[in-house]
Amino acid sequence: MKSERILWADDEIDLLRPYIIFLEEKGYEVITTTNGKDAVELCQQENFDIVFLDENMPGLSGLETLSDIKAINPSTPIVMITKSEEENIMDMAIGNKIADYLIKPVNPNQILMTLKKHIHKKDIINEHTTTTYRQEYQDLSFVIDKATTLNEFMGIHKTLVYWELELQESDKSMRELLESQKADANKAFARFIRNNYETWFEQTSERPMLSPDIFKKRIFPLLDNNESVFFILIDNFRYDQWKVIQTLLNEFYNVVDDSMYCSILPTATQYARNAIFSGLMPLQIQQMYPELWVEEEEETGKNLMEDRLIQTQLDRFRKHYSFSYNKVNESDYCEKLIGRLPQLRQKQLNVIVLNFIDMLSHSRTESKMMRELANDEPAYLSLTKSWFKHSPTYELFKSIAGMRCKVVVTTDHGTVKITDPVKVIGDKNTNVNLRYKIGKSLSYNAQKVYEVTQPRKIGLPCPNVSSTYIFATQNDFFAYPNNYNYYVSYYKNTLQHGGVSMEEMLVPLVTLAPK
C-alpha cells in the first residue's frame, strides 16, 4: 500500500524531529528541508500529497515559497505553520489558496487531524457513506417490495437519487449494487403503473397530481394570492439533475416546496407538455381544440401551440392574469431574455421553456464525443451541473431572484438510460419513438410491455379504431427485426423518454422563493 508523502519545510526542522518520527510511525513518508528554495526544487522533481510550510524562513519567505509551489502544482494542499497570528499574514496566505494553517506550537494530534482533513477526507467520507448505504440497503429493499402508492414510490425515487449522488465517488461495486436496487425499484414501479394507471382516470378526484393538474394546483393558487410567478419548464429534466442544480441555486433561493409530480404517458413532449399548458389530457385537447392538436404522424412541430394552450386554460378557469411565454433554444436568446426581465416583471405570470437539457440528452445519443464525455450517470450529472453553472440559464435564475418573484421549476418528463432491446413489428405508420409505439397492427411480447388497447381510457387520442399504445418499461427499448444489431448497438446506453420508469415519470415540481 502506497505511503502518503509529506514535504515539511522549516528552518528549525531539527526541533521537529519528534513530529517526524510520530508521522513515520503512522505510515507516512516525510521529506524535510530547511528553506523555501529547496522546497520549491523538491516540488519540481517529486510529487507530494501535502506540504507543511513554515511562514517565517530565511531567504525565500513562506508566502513566496507558497506561491512558487502553487505555480508548479496548484492542486497540492499546502498548510502554513506560523508563530504569528497577524491578520494580514493570514489574509495573504488564504489569498494564495492555502489549504489550512496552524499556529505554533503545534501538537501531533493537530498534525494528524490536518492530514485526515486534507489527504484522507475523501476516503473517510466514502467509507462512511458506503457503510451507511450497506446498512440501509435491506430496509430500502423492503420498502420497494411493499410499496403500493405513488407517494411511496416518490419517496423511494428520492432516496435512490440521494444515494446516487452520495456514492458517485465510491468504488464500482457499490455503484453496481445501487444500480441493481434501482432496477428492482423500476421493476416494482412498472408493475404498479400497470395495476393503477388506468384507475386514475376513472376516479379523477382521487388521482395523484398529473401533468394537467400543475397549473390548477400549483400556479393558480400563487397567482390568486397576488404573487408574481415565473414558471420555468426545463425539458427532459430529471429529479437527480434538479438536485445537482439546486446546490448552485441555494445562494439565491430558499426551496419552499421540493416535491414531485407524475408525468402522463407517453412521457414525451407532444403529450406531457401540452397537457401541462392546456390543463387537459391529450384526448381532450384533440376534442376541444382540434386546431391546437398535432397528430403523431404529422410532420409539423408538436409543441408550437403552447402559448395558445396556456390561454385556453386561463379562459376555462376564468383567470384574467396577464402572462408572457418564451421558449429558449439558444444562449443568445436567453441573454436577450435576461435584458427584458424588467418588462416581464409587469406580467403576473411568465412562462419560460428551456430546451438545453433536452439538447444535451439528444446530443449524447447523436455524438460519439458526447457519449464519451457523459458515459455514465455521474458523468452526465456532472455535465449537467457544468452546463448550468456556465450558461446564461444560471444568470437568468440569478436575475429573477433579484425581482422578488416566486419561481416554480418543473419539467414535462425525464429520461432513462436504455440497455435492453425488445422486438416489435409495426407497419410504416408506426411512430419512431424508442420507448412507446402506437399502431393498429403491432406485434410484440405483451409480457414485456405496458399495453393499452383502449387508449381513450387513459386520455389518449386513438388514430385508428384498433390503435394500441405500448410502453417500454424499466430500461427496455423497442427495436425492429430489420437491421436489428445495428439499431441496438447504436441506441443502447443512450438516454430516451416516452415510457414507464421512475426517472421519466416522477419528476421535479419545485417552488422557490428569493432570499
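Where is R404 found? The close-ups below take up this question along with several others, and the model they show is a predicted one.

**View 1. R404, a non-glycine residue with a positive phi.** R404 is found in the loop between helix 19 (392-401) and strand 10 (406-410). The phi of R404 is near 60 degrees. As a reminder, most residues other than glycine have a negative phi.

**View 2. N236 in the loop between strand 6 and helix 10.** Strand 6 covers 229-234 and helix 10 covers 239-249, with the loop of N236 between them. Is N236 buried or exposed? N236 is buried, with a relative accessible area of 0%.

**View 3. The cis peptide bond from K104 to P105.** Omega of this bond is near 0 degrees. P105 lies in the loop that runs between strand 5 (100-103) and helix 5 (108-118).

**View 4. The cis peptide bond that joins L265 and P266.** For this bond, omega is about -10 degrees. Follow the chain between strand 7 (253-262) and helix 11 (269-278), and you will find P266 in the loop there.

**View 5. The second largest pocket and its lining of 20 residues.** About 470 Å³ of space lies in this pocket. Which residues lie nearest its centre? They are R175, E179, K182, E377 and K417. Helix 8 (172-196) supplies at least two lining residues, as do helix 7 (150-166), helix 18 (377-390) and strand 11 (416-417). The largest share, 8 residues, comes from helix 8.

**View 6. An open sheet of 3 strands in the order 13-16-15.** The pairing in this sheet is antiparallel. Strand 13 (436-439) and strand 15 (449-452) stand at the edges, and each has a single partner strand, so one side of each is left without a neighbour in the sheet. On average, neighbouring strands of this sheet are turned by 15 degrees against each other, direction ignored.

**View 7. Strand 15 paired with strand 16.** Strand 16 (residues 468-472) and strand 15 pair in the antiparallel sense over 4 bridges. Which residue in strand 16 is the bridge partner of V449? That partner is A472.

Conventions: Residues numbered from 1 in each chain as written. Predicted model: local features only at pLDDT ≥ 70, side-chain atom pairs only at ≥ 80, totals over all residues. Heavy atoms only, no water. 1 Å grid on protein atoms, 1.4 Å probe; cavity = no way out; pocket = protein on both sides within 12 Å on 5 of 7 lines; lining within 4 Å. Points joined across faces, edges and corners; volume = space filled by probe spheres on them. Buried < 20%, exposed > 50% of the residue type's maximum accessible area, 1.4 Å probe, protein only. Pairing = 2+ DSSP bridges. Axes fitted to C-alpha atoms, helices over the stretch in contact; angles between N-to-C directions.
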